[in-house]
Amino acid sequence: MATLKATWGDYMDSNQQDRRRRKRSDRHLNKQESKKNKFKNLKDNMLLKWKSIFRKDEPNEVIIEEKLSEPKQQKSRRSDQNSTDSSGKRTKSGEKKGFPFSIKYTILSLGSVFVLALIAYTIILYGGKLFVDQDKLIISPPTTIETEDGEIIWYLYDQYRLPVDLEQVPDHVQDAFIAIEDKRFYTHSGVDFRSIMRALYKDIIARSKVEGASTITQQLAKNLFLTNDKSWLRKTKEVMIALYLEREFTKDEILEMYLNAVYFGEGQYGIEAASNKYFYKSVEDLTLEEGALLAGMVKAPNGYSPIEHEEKAKNRRNVVLNSMSELEYITPEEAKTAQEKEIQLNIAQRKINPAYHTFVDLAIKEAADLYGISLDELKLNRYRIVTSMNEDAQQIAFDQFQQDGYFPGNDKETVEGTFVMMDQETGSIVAALGGRHFKTLELNRVYAAKRQPGSTMKPLAVYAPALETEKFNPYSTLPDELKEWDGKEIRNHNNQYDGSVTLYNAIKYSKNTSSVWLLNEIGVDYAKTYLEKMDMKIEDKDLGIALGALTDGLTPIQLVEGFRTFIHSGEMIDAHAIKEIHNQKGDVVATAQPKTSKVFSPQVAWNMTEMLKGVVESGTGSSGYYPHELAGKTGTTQHPNVEGQTKDAWFVGMTPEYVTALWMGYDKSDKDHYLTGGSSYPTELTKKILTELDKRQSLETTFVKPDNVVALEEPIELPKIDDLSSSYIFGGVKLLKGKLEWTKAKDERIVYRIYEEKKDGDERIGEVSGTNEFIVEDFSIFKTNSYYVVPYDPLGQVEGNASNVVKLTF
């Protein structure tokens, strides 16, 4: 709340504060001293009157004493006459008498009682320290979770407080609390025995505990260290703690702690929080009637709530004003004027944005795991946690996740999703969703739910490690054939097989057959060494790793960390949500220092980025729209119980600035819970989030090649030639020549190889590029000559399919 004055204001000069405290304390002491003098004068006058009655005639006292002594003497004589010995017989007058209890035992008993009483008194007087938790004496405001711009997105607290110095609380507000809660606050030693006797009398009359006699110090003790139960044990502890507090702190310090700790209803603790809540202003700006209203609420915050019980709250406020007038804190006229005013509330509402739940959860976990600051500690002591959350990205992702159309589940009520977006340069998480309707401290799927990654595993476990061997390059030819591996038939997702395919296109079109073949070639153990460098420790040891068929699966966080290596020269970094943490003093107690590790070479990383761009441009990741360059990999897993349906759907994406991972599926996948669509849905949703973010903050449009790598050319798509034709031309040294023509492809890099069929093996007679014709200079006019053309990829060093055959004959 921008208009509210927080607790971190300018502090008054210490000398000035001392003068104010002495002045205020002296004011109360003078009033109390004046009342004591009046009471003493009244008592002295009464004693003089009684003395004048009983001391006018001195003999009267003697007569009274003699009359009083006569019965005693007679009783003594009767006692002597009737005395008996130990056997029960009467003794003669004047004989020595015995006593049932000796004086010795009487003195011993009285001494024991005295010692026990002294011990009990000492315990009560000095034992309060045993019940005091020193940490709770530090009354802190709530911990805040903020963006780097200082925007508070969340508060963490057990009790919502905004502590202020006593100097910030106007005198009339302090007076209101003293007048209604503890009139003798500045004169008693923490316990007001006069009030206790009054309360005890009323409790005895009512035969139950109906009235308390707690001082402000006792209330502070109860609020900070005890419960609200009405028992003598709790009351004894309260007295002990109060006496301890009075020895350790000044009256003003106790009053300050009290005003910052007392409860005002509606979840508000402390005068500043209450002022903010009910009047939308700081305590420094409270009027007389507003301060009296808050003071009146303390006795029963819910019963005197001005929101729920306005009339009762008004009556209670007026009682406070009357008490202030009686104690001469204000004049009767001021009290009357304030009592005539209606209650004017200005209720402040702290709204919780549901979009922020996941990020708050990440920050709480990270503070505990990385910096040793538990949730209890965050609630007890004030910290300021600065996070890397991008408010726009977080809100956009949350809003899009509420759109059912992006989630192809058969059960729309329970279909789930998770999303994480990381700054590729720093590893800072800028947006995260632990679920479509995630609440803090629930199952956070960003880091706590491992899922089968499907084909998103191929770049990490197969293709990048294969390139590192230098036995393969992006244009290497891989087999693409239906085949069994380890007793299992490996199929492509579309059941199409090209016989052979370049490594580039195997990634682009997510060829399962080629991935398994390649993993078998490089070895599972070799591939796992790279996964371990990316903190992906998996138990699996079979070729299923190539298809993401893992025993335990991976989390979205792990995938963004892994894919980040491709756009950052092969380096991995730990994803993190916290930038730094400040304590209550403003000192930085924690700073993000994410671990980095080298995984792939810069050249392999760049090659992977270029190939993954092709996946999005014209491969399996082409669904949806995004106006700038985007690289990524799709992934799906088959449902185990429903034929032809999907269990997990993924898209892991990379822009020049960010790495994202988006998963869809069900927490429990059974025959009644499955996805009716595949990876096109998370791909499209990711592009929608990025597109909307680009509208609010312009995103970088293209990837920039590092200086130390060689650019990767796009792969050559070899055409299918089926329109080869032949003809004759005349002229030149040889009057008759043959001419072959075909439709030229757009890619000028393609080389066309011309072959002549022969009985002992076809012969390549020439090749051309950049043109769609070839002149046959040397052929026999006396026989039939047959020719065909084969397109050739100079990058992958592979030929395509042969064209139709044509003949030249004269």
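**Exercises: a sheet and a helix pair**

Three bridges join strand 13 (residues 578–582) and strand 14, an antiparallel pair; strands pair if DSSP finds at least two bridges between them. The model is predicted, so local features need pLDDT of at least 70, side-chain atom pairs count only at pLDDT 80 or more, and totals for chains, interfaces and linings use all residues. Residues are numbered from 1 along each chain as its sequence is written, and side-chain values use heavy atoms, with hydrogens and water left out.

**Exercise 1.** Work out which strands stand at the edges of the open sheet.

*Solution.* Start with the order: five strands, 2-1-5-13-14, with mixed pairing. Strand 2 (152–156) and strand 14 (588–591) each have a single partner strand, so one side of each is left without a neighbour in the sheet.

**Exercise 2.** How do helix 10 and helix 11 pack?

*Solution.* First, get the geometry: helix 10 (residues 288–297) meets helix 11 (residues 310–326) at about 105 degrees, with axes 8 Å apart. Next, classify: 65 to 115 degrees counts as roughly perpendicular, so that's what these two helices are. Then list who touches (contact means heavy atoms within 4.5 Å): helix 10 brings residues including L288 and L293, and helix 11 brings, among them, V320 and M324.

**Exercise 3.** Is D525 buried or exposed?

*Solution.* Find D525 in helix 19 (residues 524–533). Its relative accessible area is 61%, so D525 is exposed (buried is under 20%, exposed over 50%, partly exposed in between, with a 1.4 Å probe and protein chains only).

Note on methods. Helices (H or I, at least four residues) and strands (E, at least two) are DSSP runs, numbered from the N terminus. Axes are lines fitted to C-alpha atoms, for helices over the stretch in contact, and angles run from 0 to 180 degrees between N-to-C directions. Angles under 35 degrees count as roughly parallel, over 145 as roughly antiparallel, 65 to 115 as roughly perpendicular and the rest as oblique.
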